[in-house]
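User: I would like to go through some labels used for a protein model. Please set each value against its cut-off.

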Amino acid sequence: MNKLQQGINFLNEQIILIFEKQMNKMKEEEVDHELQQLQQNDQSSIYGNNNSLEKYMTTINFSDGNVTNVINSNSNNINTTINGNHSINNNTTINGKKELIFHSIFQIDYLEQELSQITTQIQQLQFSINKLQSTLSTSYFNLNIRFKQLFNMYETLELLRKIYKFLLLVIKVKKNYHGFLNSETNIPNSSSAIYELEQMIKSNELSNISIIEKEIFYITQISQELKIESLKSMKEGMKNKQQLLMSNALQVYFNFNQLNEMILNLLLNFKNLMKSCIKNGLDPKLSYLSQHSSHGLSQSLSQSTLQPITLQNNNNNNDFKTLYLVQLKTMLLELESIYIQIYHLDLVIKKKRDVLTQIEFINILENKNFLMNFWIDLKNEFCDIFKSTLKNNTQVREIFILEFPHIKQIFKEFSNAFIGYLPFLSSIIPVDNTTLLSTTIPIIDNHTTIITNNNNNNNTNIENNNQLLKPQIWLNELLQPLEIQYIANSKTKCFDKILNLFTKVQSPPLSKLSNNNNLNNNITFKGIPISDIKSIGSFLLQELTSVKLDEYLFIEICKNIIKMIQLFISKIDDLIINDNQLLDSNSINGNHSINNNNIYLQFNLNLFNAVDTFYNTITRMLKNNLVQFPKVKHLNSLQLMLNQLDELSKRIIH
């Protein structure tokens, strides 16, 4: 009402201001009009008087005597005329202003009447408003009371509804859950109901209600049991490849809205397990082997041999080497098992979706490519620890070099086991041709063509390697320095065998025979023992047998044998006695018959027997081992060396 009264007062003030402005404007217009009329009248009077003055001035030219009188007379007339005109104009202006004032007075009276009517109507309106306000206030008060009553009833009913829902969910849980391992338990329904109950408890809307407080402990107990047992079920399903157990566990954590968190924690645990497995598996203390003594590979060893062994207290290198290789293979099998479990987790998650909402579980995860990321982590972690172990431990490095064929076969089985479990590498991976051409490391596959530096076979080799998968690539790169060292060591051992063989040889002096036959009988020599030749054959057979499962290594060892044969031929050539005068002792006595007691002839005969034995040993050994590697037969250098051995034997006897 105060605002209404203020509005009415403001309206009255505006009307009065408008009226005053209108009156002032009308007065200004009337005054301006009057002034314009006065100016026009003054100008016309002055113009007429000026004409009369000109006439009088003309008369002056004709009358000299009465000039002064005439001028005075005319001046008086002019003044009289002007005064008369001013007086007339002033009277006229006053009359006009009176009429305007009277007109304005009548207008003011009219406006006062209108304003009085408006004031009366405003008072009536204000009375009506006051009356309406009183009526509405009473209605609002009554309505507000009813609203509060209804709201209280609504809150009471809503609370009763939630209590009823809570109790129904509790009954549902008790009906569906009879223990996690019970076949009658409906785990998805139970977990869904438990999650709803937990959310209702967290909202605090049902706090301090005795019937609710009684069930909170039961709900908390079942919730913890479901989560713990589901996680166990998940790990068991991953380990035993039981997708149903994994599916139920995933559904439980989805119902608890903790699926993404559970998967992240699970992957982190497996990642830490993988790192620990690699670190302990490459550790020369053999602690990993003692921890996994129940593994199939370790069961054949006695429990006493599985005790932790350090490099300092290990007196038997062969036993240590055997145990370390067993530990290495055990570790690789464990890594394979860990990765396969992650693979099955990825497989189930990509297929699984919620029963009710049909939401795919893989879309909930933050790390959708966790399988590929886990593989990358495994590869990088293995490379780092492997290189660090070989760098910091000389004895372990020696084991890897000495037993490289065996270790390479173990890694081959390890890498091939991953081929079927790398779906993100199922398509053809582009291969860097430059890298393939520059390396001499073959693919770990018996059915793959060997990569060599022969430019004629580059195109074929690249085509055959287009199917190369990453496990073989990084393992080849990892083992490449060890393989190079193994081949170099094998070459050194072959050369050492030949050099040691000829260090024992003492050829007879190459001086002319004396006429005294007794002096000839005192000349001696040390030839090549046939037993040493056979021991070299046994050594070469052992070398080839150790690499018989790897074509590339077999070829490289054959190349070393070729170089060893070449060295053998060179050494024999240096020892052969070609002086016929020394070989034919009877020529000195004038008798050209053969003397079987010629020491130089016996020395050459020893060389012949050594070459023949060496040739037969090499030929027989290669024949027995080249069956599974027919490509080695095409090594022209090997055949050339064998032919040179045959020619050497013929040259000795002739």
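This is a predicted model: local features need pLDDT of at least 70, side-chain atom pairs count only at pLDDT 80 or more; totals for chains, interfaces and linings use all residues.

Analyst: Residues are numbered from 1 along each chain as its sequence is written, and side-chain values use heavy atoms, with hydrogens and water left out.

User: Why is the pair of Y195 and F256 called edge-to-face?

Analyst: Rings of Phe, Tyr and Trp (its six-membered ring) pair if their centres lie within 6.5 Å; planes under 30 degrees apart are stacked, over 60 edge-to-face, and the rest tilted. The ring centres of Y195 and F256 are 6.5 Å apart and the planes stand at 90 degrees, so the pair is edge-to-face. Y195 lies in helix α3 (residues 187-202) and F256 in the loop between α5 (243-255) and α6 (259-281), 61 residues apart, and the pair links distant parts of the chain. Helices here are DSSP runs (H or I, at least four residues), numbered from the N terminus.

User: What makes F256 buried or exposed?

Analyst: Buried means under 20% relative accessible area, exposed over 50%, and partly exposed in between (1.4 Å probe, protein chains only). F256 has 2%, so F256 is buried.

User: What makes D384 buried or exposed?

Analyst: D384, in helix α9 (residues 370-392), has 53% relative accessibility and therefore counts as exposed.

User: How do you know what kind of pair F414 and F418 form?

Analyst: Their ring centres are 4.8 Å apart and their planes are at 80 degrees, so this pair is edge-to-face. Both F414 and F418 are buried. They also belong to a cluster linked by ring pairs, including F411 and W474.

User: What puts the charged end of K174 over the ring of Y218?

Analyst: The test asks for NZ of Lys or CZ of Arg within 6 Å of the ring centre and within 35 degrees of the ring normal. The charged end of K174 is 5.4 Å from the centre of the Y218 ring and sits over that ring. The charged end of K497 sits over the ring of F539, 5.3 Å from its centre.

User: Why are α17 and α21 called roughly parallel?

Analyst: Angles under 35 degrees count as roughly parallel, over 145 as roughly antiparallel, 65 to 115 as roughly perpendicular, and the rest as oblique. Helix α17 (residues 551-575) and helix α21 (residues 636-653) pack at about 20 degrees, with their axes 9 Å apart. The two helices are therefore roughly parallel.

Methods. Axes are lines fitted to C-alpha atoms, for helices over the stretch in contact, and angles run from 0 to 180 degrees between N-to-C directions.
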